[in-house]
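Please read this briefing alongside the sequence and the 3D view. The points are grouped by topic.

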Amino acid sequence: MKVAIFSGSVYGTAEEVARHVQGLLKAAGFETFYDPRASLSDVQAFAPEAFLAVTSTTGMGELPDNLQPLYYAIRDHLPAWSGLPGGVIALGDSSYGDTFCGGGELVRELYAELGIREVQDMLRLDSSESVTPETDAEPWVARFIAALKA
Ligand SMILES: Cc1cc2nc3c(=O)[nH]c(=O)nc-3n(C[C@H](O)[C@H](O)[C@H](O)COP(=O)(O)O)c2cc1C
């Protein structure tokens, strides 16, 4: 199965998590596509069969600037990805209150518009609680892998 990975990051943490997860997915036998600067045509050329978004939150619950071009291109073109499986790993800081992991929530809204099926609940990684997001994500990723293989 071919898994496309998207990331949105201001300071690089979400990109580190995305790279780590890419390694886990490859080790589990998946073909992966990950380019933090990918355009929609790059993603479409890969012909993805599943999606994983890893994004932090900035501003007041907004997506990082580097994910916005791809996010809006997908929303404008609505590629035929309906029914495909997906997951979201959101990085945030719970001290922001209501906007905690808002970037991840925006990706969930996009998945819903596209008909991408979330195979498990979004993972929320709280930077006020932990400084090891890559390893914290591993149990969630193991369940994600199992769900894709099921
Ligand atoms: C200016 C700024 C605004 C932020 N706004 C939010 C927010 O609204 N909600 C949230 O959950 N986290 C917010 N955060 C926390 C980041 O999302 C969190 O620290 C994340 O781990 C950063 O990941 P990155 O290095 O990939 O950008 C904000 C951080 C900064 C510096």
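Ala47 lies in the loop between helix 2 (40-46) and strand 3, where helices (H or I, at least four residues) and strands (E, at least two) are DSSP runs numbered from the N terminus. This is a predicted model, in which local features need pLDDT of at least 70, side-chain atom pairs count only at pLDDT 80 or more, and totals for chains, interfaces and linings use all residues. Residues are numbered from 1 along each chain as its sequence is written, and side-chain values use heavy atoms, leaving out hydrogens and water.

Loop residues with positive phi

- Ala47 is not a glycine, yet its phi is positive, about 55°.
- At 42% relative accessibility, Ala47 counts as partly exposed (buried is under 20% relative accessible area, exposed over 50%, partly exposed in between, with a 1.4 Å probe and protein chains only).
- Leu78, in the loop between helix 3 (68-77) and strand 4, is also not a glycine and has a positive phi of about 40°.
- Leu78 counts as partly exposed because its relative accessibility is 45%.

Helix 1

- The buried residues of helix 1 are Ala14, Glu15, Val17, Ala18, Val21, Gln22 and Leu25.
- Seen down the axis of helix 1, these buried residues fall within an arc of 155° (taken from the directions from the helix axis to the C-beta atoms), so they line one face of the helix.
- Gly29 follows helix 1 and has a positive phi, near 100°.

Helix 1 and helix 6

- His20, Val21, Leu24 and Leu25 in helix 1 meet Glu138, Val141, Phe144 and Ile145 in helix 6 (contact means heavy atoms within 4.5 Å).
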